[in-house]
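Please examine the sequence and the structure shown here. A short briefing follows, grouped by topic.

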Amino acid sequence: MRLINRRPGGFGIFASAAVPFVLALLLYVVASSIRLAENPDDKLLPNLSTIGAAIERVAFEPDRRTGDYIFWTDTAASLKRLVTGVFLAAMVGLAVGVPNGLVPWFGAFWSPAVRALSMIPPLAILPILFIVFGVGELAKVMLILLGTAPFLMRDIEQRVRELPREQLIKAQTLDATSWQVALRVVLPQVMPRLIDGVRLSLGSAWLFLIAAEAIASTDGLGYRIFLVRRYLAMDVILPYVAWITFLAFLFDFGLRRLNRRCFAWYGA
Amino acid sequence: MVRCVVVIEIRNVWKRYVDKIVLEKVSLNVEKNEFITIVGASGCGKTTFLRMLLGEVQPCEGSIMIDADRLIPEPSADRGVVFQRYSVFPHLTVLENVLLGLELTDSRWLGRTFGRRRAHNVERASEMLERVSLDRAADNYPSELSGGMQQRLALAQTLVKAPRILLLDEPFGALDPGYRSDMHVLLLDLFRELDLTVFMITHDIAEGFSLGSRLLVFDKLRVDPHNPDLYGATITFDLPVGHHRRLDSIMDNMNVKPNQA
Ligand SMILES: Nc1ncnc2c1ncn2[C@@H]1O[C@H](COP(=O)(O)OP(=O)(O)O)[C@@H](O)[C@H]1O
Ligand SMILES: [Mg+2]
């Protein structure tokens, strides 16, 4: 049988997907032991037991100073910011994107402005956000909002424009008003696309979250990574990065499931 | 509701786009209850003509009057339409697709009805689905239907609103011939029952002759060989064809009862 016709099946799919991860882990363990053999005080590649001890310390023992389980308080603080920012961005994306794509006069005013807005590099205005909104939660949420909303607005606008013109005409021959077209024809068809859009923008949302936390924060996953960097605490940084990656994966997976479950007609 | 006689009067209508003339000097009078079939070469402007009747496209010159009123320049509920594709809403089930038109009229803000009102609408929609033999697929999404079923759904969705004028743009173009004759029977049946005036574009000349009461041929009267876009198409033939006479023989020949179609 030709190579292009052979497919992994069942267990093979999981096994082959796991191979790169296992290899990476092996590579790490080997590299770490080589370095530690040369210099037992090396901090760059701590061995697994050191990492395990660090996880134990931050996740399962209360912090000596504050009494918090900092791993979990960091996670909660970060997730709150991320979810708030992305949720607001999704709402703004809908509220601007749908009329931009559907109502020509609305689009005439706001579509070019949104395009211009999306050209601003969000990190460049981070100082402005700190000046305007202070260094509290608001500035961080605003950075995520400003960083992801323009993409979502444009994406939704584009999706609305892609709806077959026939559907909008058909709805009008069924007596629909503009509002009804938006509510019953456009909005339900755009929702699963919004969720796909959110999945795509989660990557940059994490980027903005970590950047904001690194610069001005007192808790959060990004804050912790940048804090312990001063002590070269790779044993904390590495599990934090893995944890962030895992959370990002969970979000993506969950949103994809949500789309399948709530919008059975979508992508069918 | 008292229905007034539909009279459509199209006077010297032209349609130009930037670089081409699509239609020129189109004039036509249509009486209530005519079943007009339209044939013509691909790209000659049949769909453009239909979109003008729909109010989606405006003529550059000339006028279209319905009941002696100038056509409102946007689609409305008195003119139903079935396109070749994209006529049904993919996010609604079969039942919801038919229900939609009723709910839009009943509930101007939510576009949804509830309780007894909804039950009443569901009943009407179900009756319509039964007419087009889709009652058993009521809970399916359009993507789960065959092409023919989707077009029947589009027809049901339109007709539940009882439009006075029905515009069909190659509605059966994608269907195989056996299926198409079933659709013909269904369409003629609904045509007589619901008191419609029909415009139907088809690329099947036989269909054009057998189905309607009047056949229009769109073609260019003048052709400039160096610049084919210089002149537009117009109605070159306007023939009475007799479905009324033929209908019964068609039905006999096919030996189908409409409800089983
Ligand atoms: N919005 C438009 N802008 C420019 N040309 C158009 C537009 N709509 C239709 N046309 C042109 O008008 C001609 C007739 O199109 P159409 O009415 O769809 O033809 P038919 O339905 O008879 O196949 C085609 O050549 C098409 O390219
Ligand atoms: Mg056409």
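**Overall form of chain A**

A compact globule of 268 residues would have a radius of gyration near 18 Å, whereas the value for chain A is 24 Å; the radius is taken over C-alpha atoms, and the globule rule is 2.2 Å times the number of residues to the power 0.38. This is a predicted model, in which local features need pLDDT of at least 70 and side-chain atom pairs count only at pLDDT 80 or more, while totals for chains, interfaces and linings use all residues. Residues are numbered from 1 along each chain as its sequence is written, with chains lettered from A and ligands numbered from 1 in the order in which they are written.

**Dimensions and burial**

- Along the principal axes, the C-alpha atoms of chain A fill a box of roughly 80 × 65 × 30 Å.
- Of the 268 residues in chain A, 32% count as buried (20 or more other C-beta atoms within 10 Å of the residue's own, with C-beta atoms placed from the backbone).

**Helices and domains**

- Chain A contains 10 helices and 0 strands (DSSP runs, H or I of at least four residues for helices and E of at least two for strands, numbered from the N terminus).
- The domain assignment, which is automatic or from a database, gives domain 1 (3–40) and domain 2 (70–262) in chain A.
- The C-alpha centres of domain 1 and domain 2 of chain A lie 34 Å apart.

**Surroundings of ligand 1**

- Helix α1 (residues 46–54) of chain B gives the most to the shell around ligand 1, with 3 residues.
- Residues surrounding ligand 1 include B:Tyr17, B:Lys46 and B:Thr47 (C-beta atom, placed from the backbone, within 6 Å).

Terms used: A residue is buried if 20 or more other C-beta atoms lie within 10 Å of its own, exposed if 12 or fewer, and partly exposed in between; C-beta atoms are placed from the backbone.
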